[in-house]
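Biologist: Could you walk me through the salt bridges here, starting with the network?

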Amino acid sequence: MHDPALTRPYAQAAFRVARRDGALADWSAALAALHQALAQPPLAALIADPRVDRDAVAGRLAQALADALPAGVVRIAALLASRGLLPALAGLIEQYEALRRAHEARVKVHLTVAMPLDEGQRDPLRQAVARALSAEVDLETHVDADLIGGAVLRVGDRVIDGSVRGRLEQLAAALKA
């Protein structure tokens, strides 16, 4: 994985262009499509082939993607290819999405639960967290049966552990003390 500092300028540039054009969601979708396209065998093989120089990879990518993706996204892909940074595309996308969430006053929340939630359970939870944080919430749910019950909520570096497993671990630590 590449240092995020290497791709940050590209993510910021993509964000500025997308914001200027009023196309933040379109760029999110296009960057995700680019990531998927680069994972497909023909392009993945081209990128991984050490016999093909970076500029040739950039040119071939631009040709292959020109009809499938917006021009700005194709330019970023070619620029990353010419600088050997295509393996860091996932990091660039992550940085772009963080800039977008900040701009839109949205927060990414990771919720880990013991059993899958249906939409009727997820929506009130999303709304409650949004009220508490005074922000729109992108709720990402994961299932971990080891929690036994309850949930663990992660917002940035804050963790709220309301799981049965967490409570049992606290009780065990208190009994050892």
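Modeller: Glu97, Arg100, Glu104, Arg106 and Asp138 are linked in a network of salt bridges, a salt bridge being a side-chain nitrogen of Lys or Arg within 4 Å of a carboxyl oxygen of Asp or Glu. This is a predicted model, in which local features need pLDDT of at least 70 and side-chain atom pairs count only at pLDDT 80 or more, while totals for chains, interfaces and linings use all residues. Residues are numbered from 1 along each chain as its sequence is written, and side-chain values use heavy atoms, with hydrogens and water left out.

Biologist: How many salt bridges does the structure hold?
Modeller: The structure holds 12.

Biologist: Is Arg106 buried or exposed?
Modeller: Arg106 is buried, at 17% relative accessible area, whereas Asp138 is partly exposed at 26%; buried means under 20%, exposed over 50%, and partly exposed in between, with a 1.4 Å probe and protein chains only.

Biologist: And where do Arg100 and Glu97 lie?
Modeller: Both are in helix α6 (residues 89-103), three residues apart, about one turn of the helix, and their closest N and O atoms are 3.9 Å apart. Arg100 and Glu97 are both buried.

Definitions and conventions: Helices (H or I, at least four residues) and strands (E, at least two) are DSSP runs, numbered from the N terminus.
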